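Please keep the sequence and the structure at hand while reading.

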Amino acid sequence: MSRTALRICPLCEATCGLTLTIEGTKVTGARGDRDDVFSKGFICPKGASFGAVDGDPDRLRTPLVRKDGELREATWEEAFDAVAAGIRPVVERYGANSVGVVLGNPNVHTMAGALYPAVLIAGLGTRSLFTASTVDQMPKHVSSGLLFGDANAIPVPDLDRTDHLLLIGANPLESNGSLCTAADFPGKLKALKARGGALTVIDPRRTRTAKLADRHIPVRPGTDALLLAAMTHVLFDESLVDLGELGPHVEGVDELVQAVREFTPEAVAEACDVEAALIRTLARELAAAPTAAVYGRIGSCTVPYGTLASWLVDVLNILTGNLDRPGGALFPQAATDRTPRPAGPGHGFQLARWHSRVSRHPEAKGELPLSALAEEIDTATDEGEPIRALVAVAANPVLSAPDGDRLDKALDALDFMVSVDPYLNETSRHADVVLPPPPPSQSPHHDFAFNTLAVRNQVRYTRAAVPLEPGRMAETEILARLTLAATGMHGADPGAVDDLVVGQTLGKAVKDPHSPVHGRDPRELAAQLTGDTGPERRLDMMLRLGPYGDGFGARPDGLGLARLLAAPHGIDLGPLRPRLPQPLKTRSGRIELLPKPIVDDLPRLREGMRQRTDGLVLVGRRHLRSNNSWMHNVPALTGGTNRCTLHIHPEDAERLGVRDGEPVRVKGAGGEVTAPAELTDQMRQGVVSLPHGWGHDRPGTRLSHAAADPGVNVNQLLDGSLLDPLSGNAVLNGVPVEVAALPAR
């Protein structure tokens, strides 16, 4: 007998509500939840394939422990015994920093990934933290930290109300949005045009998003910051700057005038391959629009000037008065955010508090560049011990980071490695212990991170749609037990981790004069928490302490878990609204428009006006049916146009003797790969494209479908030496490559 259950989709950043059809314990169908307060029935191919993702027969069902050189099935008790025996001796002999932690993108798509890794890292005391942020988004965190004093204060475009949207390096019709949580992003862009608004897309490819635009500008890859700097120059040069209500909250405007003085449209036109007159038009239209928003993403982050480009996106929003106003770019307010503090000076944001051991890369937001992981393992220096043990949670850096071949070898040299992953993939195959979480249908879901980036304030929570299968362990318990085993508390009740966090959080809250529970007894508050599990109690606590919460009785009509459970389709908290100056945590308490690290990096951008790249350059590519390397083992998501081919313009192909469908060799600084060519005039001349996340051809994995059509690892073309210096983000786009035709097989 079939039944239905609600579930928030965890397969991309759109966080759509789903209605699952379930036969027994198997998900047999998925459709959009029309009553979901956020997505209102929207669904994409990934969400529609939820059942196939959930029921993938290659998902691991029991832990694996390496014995006599082979990974073999083991009990959970054996697995955690092995973790404790593998990690603790490394810490005790070589120190905390000899244990590295790698967190992949899927962490922010699960409750467990949001709640436990921070506790693990703090418990270990390690500074050897690497995440997927330094291959896709760290420039935005750094620019936000420098401008606003908070690396997580990221304004998002008010898609439902804006009159003018400028997208740079973003393709939301394929990605569904990134650092901008918006269910039905395509529909919102179409609605923008239907109400008479303007859409401009700046991208070297004529993507599906670009085809929808009123104007598509095929900029030369890697020159985004130059283009945005020239637009900023035009605003000053033509007296188009109008801060509006932002005026009292901004400092550094006069200094910025001088900083961009040299970046005239005429000076950058050749480097960008965009006519000066068009650059001036872009700036004028942005300034003239009743409301407008500039939004930049992957393509403008994963380039040599990623932080400068991310900074300039918000500079343009600020100078046109469009930051923090309806129809512009606003700061969301999630239900689990901390209680808003009064406006005023904060501690600010600081870079380079420590450095990587080998190449001395500065940390950003507590993280080191993922590109540096291999050298931190395989290179000895006088600056401390190499990484000798590794904890990887939902991470596959062999495919997602540059020079996977080197990392592949480095992982084999570790004393110990544990991987939390549902698959034996290109990275987890190196682990001594693999801890597999259950399928998403068997886990509860709340979006802690993505609600802080949502284009409408709302809150939703879904409990597990299917009971936990016998022999499985909840992902929250896996990470709690992993934390205990790695930090010297092996064997303790996993609930102790949640109790510790609850106690610490409430202890701080009662001492905070701005908290709704100031002066109360934290034990009395903890006793009031509801929920069937430790994670639910923590969610209840965060909701009640948050900006919409009941304050443990201080605001009787406020939020708590009980009220959220009574609203299975979620609770709408209203459109984004102006919040300044409250979100600002800079030392001045104002938006610091021209922070010193930016000033120090601008000479490098000035040099960029004079640099030219002869030959071909490479850019990445996203697809609606993919999310990095996650879903290539699902047949329903790998057909059609979702293939690992090299996109190349027909005129480039003719010049190189490349024919459609035939193999080509692509060579970069880190190595070479062979892929079939796909001729398309969607590419600008001089640019080729390979998608990210493929290369499933390494031995020792258990990805039967992905291995049958593995594709190639585009990141193997990179040697890891190219980084944005401020953020440590890998340069994945606009890198020089050589392409040569190969004989047909």
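A cavity is, on a 1 Å grid over the protein atoms alone, a set of points where a 1.4 Å probe fits but cannot get out, and its lining residues have an atom within 4 Å of a point. The model examined here is predicted, so local features need pLDDT of at least 70 and side-chain atom pairs count only at pLDDT 80 or more, whereas totals for chains, interfaces and linings use all residues. Residues are numbered from 1 along each chain as its sequence is written, and side-chain values use heavy atoms, with hydrogens and water left out.

**The largest cavity**

By this rule there are 3 cavities of 30 Å³ or more, and the largest cavity holds about 70 Å³ of space, where grid points are joined across faces, edges and corners and a volume is the space filled by probe spheres set on the points. Its lining is made up of K140, I154, P155, P157, L179, V294, Y295, G296, R297, V313 and D314. By class, 7 of these are nonpolar, 1 is polar and 3 are charged; here Ala, Val, Leu, Ile, Met, Phe, Trp, Tyr, Cys and Pro count as nonpolar, Asp, Glu, Lys and Arg as charged, and the others, Gly among them, as polar. Helices (H or I, at least four residues) and strands (E, at least two) are DSSP runs, numbered from the N terminus. In these terms, β13 (293–296) and α15 (306–319) each supply at least two lining residues, and β13 gives the most, with 3 residues.

**Helix α6**

Buried means under 20% relative accessible area, with a 1.4 Å probe and protein chains only. Because 11 of the 11 residues of α6 are buried, this helix is largely enclosed by the rest of the structure. Among the buried residues of α6 are K140, H141 and F148. What covers them includes α14 (298–301), α15, β20 (591–592) and α24 (596–608), with contact meaning heavy atoms within 4.5 Å. After α6 comes G149, which has a positive phi near 85°.

**Aromatic pairs**

Rings of Phe, Tyr and Trp (its six-membered ring) pair if their centres lie within 6.5 Å, and planes under 30 degrees apart count as stacked, over 60 as edge-to-face and the rest as tilted. The whole structure has 3 aromatic pairs, and the table gives two of them.

| Pair | Centre to centre | Between the planes | Type |
|---|---|---|---|
| W76 and F80 | 6.2 Å | 20° | stacked |
| F148 and F331 | 5.1 Å | 90° | edge-to-face |

F148 lies in helix α6 (residues 138–148) and F331 in the loop between β14 (329–330) and α16 (373–378), so this pair ties together parts that are 183 residues apart in sequence. Both F148 and F331 are buried. W76 and F80, by contrast, both lie in helix α3 (residues 76–94), 4 residues apart, about one turn of the helix, and each of W76 and F80 is buried too.

**Two loop residues**

D158 is found in the loop between β8 (156–157) and β9 (164–168), and at 2% relative accessibility D158 counts as buried. The side chains of D158 and R161 are joined by a polar contact of 2.6 Å, that is, a pair of N or O atoms within 3.5 Å, of which, within protein, one must be able to donate a hydrogen and the other to accept it, residues adjacent in sequence counting only if both atoms are side-chain atoms. Not counting residues up to four places away in sequence, D158 touches P326, G327, G328 and L330.

S371, in the loop between β14 and α16, is buried with a relative accessible area of 14%. With residues up to four places away in sequence not counted, S371 touches P402, G720, L723 and A730.

Technical notes
Buried < 20%, exposed > 50% of the residue type's maximum accessible area, 1.4 Å probe, protein only. 1 Å grid on protein atoms, 1.4 Å probe; cavity = no way out; pocket = protein on both sides within 12 Å on 5 of 7 lines; lining within 4 Å.
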